[in-house]
Amino acid sequence: MRQISVTEHLQLHQKNTPGATGRFTSLFNELILSAKIIHREVNKAGLVDILGETGDRNVQDEEVQKLDEYANKILIHRMQRCGVLCAMSSEEQADLIQIPRNFPRGDYFLVFDPLDGSSNIDANVSIGTIFSIYRRKHGSGDQVELHDVLQKGSEQVAAGYFLYGSSTVLIFTTGDGVHGFTLDPSVGEFLLSHPDIRTPEQGRIYSVNEAYWHYWDRKTQDSVTVFKDPNSELGRLYSLRYIGSLVSDFHRNLLYGGIFMYPADFRDPKKPHGKLRLLCEAAPLAMLVRQAGGMATDGLNPILDIEPQELHQRTPLFIGSRIDVSKVQEIFATE
Ligand code: P6P
C-alpha cells in the first residue's frame, strides 16, 4: 500500500480548506519537527542519563535538564520561530508565553503539555506531548492578554498528541476526523497508519486510580462502581487498565474502547477539581474523542463547552466511548 506521509496529508487538508494560506501547515510542520527532536531524546534517555536533575553537564558542556524541561524548551524555541503564533501556553509555565518582538507572528494560539506522564519515563512507560491550537479571539497587538486567547474547547482549530512508546505516533484532528501517523525512524517521516479512527461506542475497559475511592463524592463512587458490576445496565464485564500516563491510557481506550476517569477528589483542598488541566489536557483530548465518535464530560458538562477562566484551570475528566461516558453523565444527573 502506498504510504501517505503526514506532510502529504497536511497539504491535502490545506488544498481542501477554502482560504487556507499555508500558515497552519507551517505551524504543524514545526510541531512535528519538535516532536522528532523530543522523540530522539526520550528514546535514549535511559542511555545517556538525562533523567532527573542530575546536575551533570553533557558532552556539549550543557547543563543536563529534566526531560520534560528539555521538551518544553524545544517546543518554545521552535514554535516561537514558526511565524504564525500570537502566543503560547505550556503546562510547565505559569504565564502566557509571548512571541519576542523581533520574531514574525500570526494569529494562532498554541497550548501544550510538553511531556505528560514524564514521571514514568525512568520505568520506560510511554509518555506524550499534547497540543491544542486556537485562533486569536480578540486584539491584534504584539502583547497578548489572556482574554485575547482563552476560549472553550469547541473553538479549537486542531488538537492532538505525540505518544513516545514502542513506536512514536501522532494522533490529531483538524475537525475532519481523527487520523494517526507512525514515525518511521529510517526515513524520519510520520506515515499514515490509522486513517479515520473511530472509537467503539461501548468499551470493556475502565481506567481510574481507585486508590482515591475514599476521597470521592458519592456520585463519583457510583460512577466507578457501575463498571465493576457485571450485572449493571452496561451488560458486560469490564477490565481495569490504568497506566498512570494520561496519553497512554487515552490512546489505548481510543483504539479499543472504554472510559478514562480522573474525577475531582478531596485529597488536596487546593485542587478541588482534580489534577488534570482543562486547556492543555482535557480540551484537546475531548476534541479528538468527539471527532472519533466518543464523549468527554466533567460529570455534568461537556468538556468542550466549559468556558475557561484561567490558563491552568483544572477539571474532572470522564472521557471515552459514548455509552460508557453517557452512563456516568446519567449518574451525575440524578438527584
Ligand atoms: P495519579 C501524570 O503525572 C499525570 O499527569 C497523567 O499523565 C496521569 O493520567 C495522571 O497524572 C496520573 O495521576 O494521581 O493517578 O498518579
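Asparagine 124 sits in the loop between β3 (108–116) and β4 (127–135); helices (H or I, at least four residues) and strands (E, at least two) are DSSP runs, numbered from the N terminus. Keep in mind that this is a predicted model: local features need pLDDT of at least 70, side-chain atom pairs count only at pLDDT 80 or more, and totals for chains, interfaces and linings use all residues. Residues are numbered from 1 along each chain as its sequence is written, and side-chain values use heavy atoms, with hydrogens and water left out.

- Asparagine 124 has a phi near 60°, a positive value in a residue other than glycine.
- With a relative accessible area of 74%, asparagine 124 is exposed. The cut-offs are under 20% relative accessible area for buried, over 50% for exposed, and partly exposed in between (1.4 Å probe, protein chains only).
- Aspartate 196 is in the loop between β8 (189–194) and β9 (205–207), and its phi is near 45°, also positive in a residue other than glycine.
- Aspartate 196 comes out as partly exposed, at 44% relative accessibility.

- Serine 5 belongs to the segment before α1 (6–15) and is buried, at 8% relative accessible area.
- Leaving aside neighbours within four places in sequence, serine 5 is in contact (heavy atoms within 4.5 Å) with Phe181, Glu189, Phe190 and Leu191.
- Serine 321 falls in the loop between β13 (317–320) and α8 (322–333), and it's buried with a relative accessible area of 0%.
- Not counting residues up to four places away in sequence, serine 321 touches Thr199, Pro200, Glu201, Gln202, Gly203, Gly257 and Gly258.
- A polar atom of the serine 321 side chain lies 2.7 Å from the backbone oxygen of proline 200. For a polar contact, the pair must be N or O atoms within 3.5 Å; within protein, one must be able to donate a hydrogen and the other to accept it, and residues adjacent in sequence count only if both atoms are side-chain atoms.

**Helix α5 and glutamine 221**

- Helix α5 (residues 218–228) has Thr220, Gln221, Ser223, Val224, Val226 and Phe227 buried.
- The cover over those buried α5 residues includes β9, β11 (259–262) and α8.
- What does glutamine 221 touch, not counting residues up to four places away in sequence? Trp213, His214 and Trp216.
- The glutamine 221 side chain reaches the backbone oxygen of tryptophan 213 at 3.0 Å, and glutamine 221 is buried, with a relative accessible area of 16%.
- From glutamine 221 to alanine 282 it's 61 residues in sequence and 21 Å in space, C-alpha to C-alpha.

**How α6 packs on α7**

- Helix α6 (residues 246–256) and helix α7 (residues 278–291) pack at an angle of about 15°, with axes 12 Å apart. Axes here are lines fitted to C-alpha atoms, for helices over the stretch in contact, and angles run from 0 to 180 degrees between N-to-C directions.
- So α6 and α7 are roughly parallel to each other; that label covers angles under 35 degrees, with over 145 roughly antiparallel, 65 to 115 roughly perpendicular and the rest oblique.
- Leu246, Phe250 and Leu254 of α6 meet Glu281, Leu285, Leu288 and Val289 of α7.
- By class, this contact of α6 with α7 has six nonpolar, no polar and one charged residues. Ala, Val, Leu, Ile, Met, Phe, Trp, Tyr, Cys and Pro count as nonpolar, Asp, Glu, Lys and Arg as charged, and the others, Gly among them, as polar.
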